[in-house]
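Open the model in your viewer and keep the selection tool at hand.

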Amino acid sequence: MELMMQPTFSTCGQACIAMIAGKSVEEVIRDMKTDGATSIGQLIEILDFYGIGHAERNKRISKKNPAPYKCSILTIHTDAGYTHWTLFYDNKYYDPEFGVVEGEYTYGKITSFLEIYLEG
């Protein structure tokens, strides 16, 4: 997985999709028709548009689902008070705002995740 940084404060979702799809963030912004904040519904729509498999819905972190799967888009409630998307892949956090994080994620609380089905 190659880290892609978000070009603006509100394009973390587009950057996560760009990493998964192997596209530029600008391409994803164009295809999503927004350079603003995104909802889980918008992320699911663009994954479908690109033909990338994913879980049916976001799963809340809980005793039943205590940790994200191998490749997941994470919903983060940051310490600074805003909601943020980060990509989790192969036990690393590819955060489009803060960079690659190994070990414990310390920029906020992970509240839910959307599993992404990658081939290979």
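Start by selecting Ile 76 and Ile 110: Ile 76 stands opposite Ile 110, which lies in strand E7. Strands here are DSSP runs of E with at least two residues, helices are runs of H or I with at least four, and both are numbered from the N terminus. This is a predicted model, in which local features need pLDDT of at least 70 and side-chain atom pairs count only at pLDDT 80 or more, while totals for chains, interfaces and linings use all residues. Residues are numbered from 1 along each chain as its sequence is written, and side-chain values use heavy atoms, with hydrogens and water left out.

Now show the whole of E3 and E7. They run antiparallel and are joined by 7 bridges; two strands count as paired if DSSP finds at least two bridges between them. Follow the chain through the hairpin of E3 and E4, with 4 residues between the strands, and stop at Gly 81, which takes a positive phi near 100 degrees.

Is E3 enclosed or open? It is largely enclosed by the rest of the structure, because 7 of its 8 residues are buried. Buried means under 20% relative accessible area, exposed over 50%, and partly exposed in between (1.4 Å probe, protein chains only).

Next, select Ile 17, Ile 20, Leu 47, Ile 73, Leu 87 and Ile 116. In the largest nonpolar core, which has 27 residues, these touch the most other members. Helices H1 (12–21), H2 (25–32) and H3 (40–50) each supply at least two residues of this core, as do strands E3 (71–78), E4 (83–89) and E7 (108–117). H1 gives the largest share, 7 residues. A second, separate core has 8 residues, including Ile 76, Phe 88, Tyr 93 and Ile 110. A nonpolar core is a set of buried Ala, Val, Leu, Ile, Met, Phe, Trp, Tyr and Cys residues joined through side-chain atoms within 4.5 Å.

Move on to E5 (residues 92–95) and E6 (residues 99–102), an antiparallel pair with 4 bridges. A hairpin of 3 residues joins them, and Lys 92 has Glu 102 of E6 as its bridge partner.

Last, select Arg 30 and Asp 31, whose side chains meet in a salt bridge (3.4 Å, N to O). The term requires a side-chain nitrogen of Lys or Arg within 4 Å of a carboxyl oxygen of Asp or Glu, and by this rule the count is 1. Arg 30 is exposed, at 54% relative accessible area.
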